[in-house]
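Here's a quick briefing to read with the model open in your viewer.

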Amino acid sequence: MATTFNWVITNLDCIPNTPEGADYVVTAHWTCNGTDGTYNGSVYSTCSFPVVQGSSFVPYAQLTENEVLGWCWANGVDKAATEAAVEQQIQNQINPPIVQPPLPWAAPVTA
């Protein structure tokens, strides 16, 4: 089954008052979750934004999650690499790269 990804902004850090307006977003906390229906993976991080003066300010109440995610991807968050990391977590659950077989000298456990 193909992996589906869900990007979520979980929190926004803001400067309370700037010349541009109130609650100027300077950091977004984000998570990329993935699932193949059975196995799950996720990556959490933050993305900081420069304080830019000018007409590009969007009032806090008018922000959308998609807009903030776009800012993240435009400011250094590599969407493809992040989704690849989540996919690798899922693949590692399906086919673990490290396993712990029983010790060869230990008696088998019987139920």
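Helices here are DSSP runs of H or I with at least four residues, numbered from the N terminus, and Trp71 sits in one of them, helix H1. Keep in mind that this is a predicted model. H1 spans residues 65-74, and the largest pocket counts Trp71 among its lining residues.

- Val68, Leu69 and Cys72 are the buried residues of H1. They share one side of the helix, because the arc they cover around the axis is only 100°.
- What do the buried residues of H1 pack against? Their partners are three strands: E1 (4-17), E2 (22-35) and E3 (40-48).
- Just past the end of H1, Gly76 has a positive phi of about 110°.

- Asn66, part of H1, has a relative accessible area of 63%. That is why it counts as exposed, the cut-off being over 50%.
- Asn66 and Val8 are 58 residues apart in sequence, yet their C-alpha atoms are 9.0 Å apart in space.
- Trp71 comes out as partly exposed, with 25% relative accessibility.
- Leaving aside residues up to four places away in sequence, Trp71 touches Val25, Phe49 and Leu63.
- Between Trp71 and Cys47 there are 8.6 Å, C-alpha to C-alpha, for a separation of 24 residues along the chain.

**The largest pocket**

- By residue type, the lining splits into nine nonpolar, two polar and one charged.

- Asp23 belongs to strand E2 and is partly exposed, at 34% relative accessibility.
- The backbone of Asp23 is worth a look: phi is positive, about 55°, although the residue is not a glycine. As a general point, most residues other than glycine have a negative phi.
- The contacts of His29, not counting residues up to four places away in sequence, are Val8, Ile9, Thr10, Asn11, Asp13, Tyr44, Ser45 and Thr46.

**Cysteines**

- How many disulfides does the model have? The count is zero, with a pair needing its sulfur atoms within 2.5 Å.
- For Cys32, the closest cysteine sulfur belongs to Cys72 and is 12 Å away, so it is too far for a bond.
- For Cys47, the closest cysteine sulfur is also in Cys72, at 4.4 Å, and that is too far for a bond as well.
- Cys32 is buried, with a relative accessible area of 0%, and Cys47 is buried at 4%.
- Cys72 is one of the buried residues of H1.

Definitions and conventions: Residues are numbered from 1 along each chain as its sequence is written. This is a predicted model: local features need pLDDT of at least 70, side-chain atom pairs count only at pLDDT 80 or more; totals for chains, interfaces and linings use all residues. Side-chain values use heavy atoms; hydrogens and water are left out. Buried means under 20% relative accessible area, exposed over 50%, partly exposed in between (1.4 Å probe, protein chains only). Helices (H or I, at least four residues) and strands (E, at least two) are DSSP runs, numbered from the N terminus. The arc is that of the directions from the helix axis to the C-beta atoms. Contact means heavy atoms within 4.5 Å. On a 1 Å grid over the protein atoms alone, a cavity is a set of points where a 1.4 Å probe fits but cannot get out, and a pocket is an open set with protein on both sides within 12 Å along at least five of seven lines; lining residues have an atom within 4 Å of a point. Ala, Val, Leu, Ile, Met, Phe, Trp, Tyr, Cys and Pro count as nonpolar, Asp, Glu, Lys and Arg as charged, and the others, Gly among them, as polar.
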